[in-house]
Amino acid sequence: MHFVYPSKCPVCGSIVLLHEPSLERITRHLGSWSRDGWNINLLCATCGRGYTHDHGETPSYQTESEDPYLLPSGPTVFHAALKCDNENCESPVVVIALRDRGATEESVTAELPKWNTADLTCSRGNLAAVPLRFQKLFFVPID
Ligand SMILES: [Zn+2]
Ligand SMILES: [Zn+2]
C-alpha cells in the first residue's frame with residue numbers, strides 16, 4: 001500500500017501519476033538541488049512544458065498495486081539539468097522527465113526543441129537560457 005500523487009500539467013492538463021516509493025527515491029537523488037523535497041520540477045511528456053509539481057492541487061489516494069517505476073517493465077526517469085541564463089552560474093535548472101520504458105537519452109534529447117521551462121529557475125533564481133541547452137542529461141536510478 002502506498003500513496004499516489006497525480007500531477008497535472010498546467011498547460012495541456014495531462015496527468016502523470018507520482019508513486020510515493022519512487023518519488024521518494026527521486027527526491028533523495030535530487031539532494032541539495034531540491035529546495036523542498038516534494039516540490040519537484042516535471043517536464044510534461046505530452047506538450048513539453050516544465051512546471052513545479054503542486055502537491056496540494058489534486059487529491060492523493062492509496063493503492064495496493066506495485067509502484068510501476070520500480071518494475072523492470074516500468075517507466076524511466078530522466079534528470080535534465082539545463083543551463084541557466086547566467087553564464088557565471090554553475091547551478092542548472094533541474095527538471096525531471098518521467099518517460100516510457102523505451103525512452104533513451106537520444107529520444108529525450110530529441111524532445112528538447114518542444115520544451116518550455118517557463119518560469120522555472122535554478123537554485124540561484126536564474127531562468128533557463130533560451131534556446132534550452134543541456135548541461136547534463138542522465139537516467140535516475142530508482143531501483
Ligand atoms: Zn502538458
Ligand atoms: Zn543557475
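Three strands make up an open sheet in the order E2-E1-E5, and the pairing is antiparallel. Here strands pair if DSSP finds at least two bridges between them; strands (E, at least two residues) and helices (H or I, at least four) are DSSP runs, numbered from the N terminus. E2 and strand E5 (61-63) sit at the edges with a single partner strand each, so one side of each has no neighbour in the sheet. From one strand to the next, the twist averages 40°. Axes for such angles are lines fitted to C-alpha atoms, for helices over the stretch in contact, and angles run from 0 to 180 degrees between N-to-C directions. E1 and E2 run antiparallel and are joined by five bridges, and Lys8 has Ile15 in E2 as its bridge partner.

This is a predicted model, in which local features need pLDDT of at least 70 and side-chain atom pairs count only at pLDDT 80 or more, while totals for chains, interfaces and linings use all residues. Residues are numbered from 1 along each chain as its sequence is written, with chains lettered from A and ligands numbered from 1 in the order in which they are written.

Helix H1 (residues 20-30) lies across E1 and E2, running at about 85° to E2. Its buried residues are Ser22, Leu23 and Ile26. An α-helix has 3.6 residues a turn, so residues three or four places apart point the same way. What do the buried residues of H1 pack against? They pack against strand E1 (2-8), strand E2 (15-19), strand E6 (76-82) and strand E7 (93-99).

Now for the whole protein chain. Two helices and eight strands make up its secondary structure, in the running order β-β-α-β-β-β-β-β-α-β from the N terminus. Its radius of gyration, 15 Å, agrees with the value near 15 Å for a compact globule of 143 residues (taken over C-alpha atoms; the rule is 2.2 Å times the number of residues to the power 0.38). Of the 143 residues, 23% count as buried. Among contacts with a separation of 6 or more, 69% link residues 24 or more positions apart, a contact being two C-beta atoms, placed from the backbone, within 7 Å.

Methods
A residue is buried if 20 or more other C-beta atoms lie within 10 Å of its own, exposed if 12 or fewer, and partly exposed in between; C-beta atoms are placed from the backbone.
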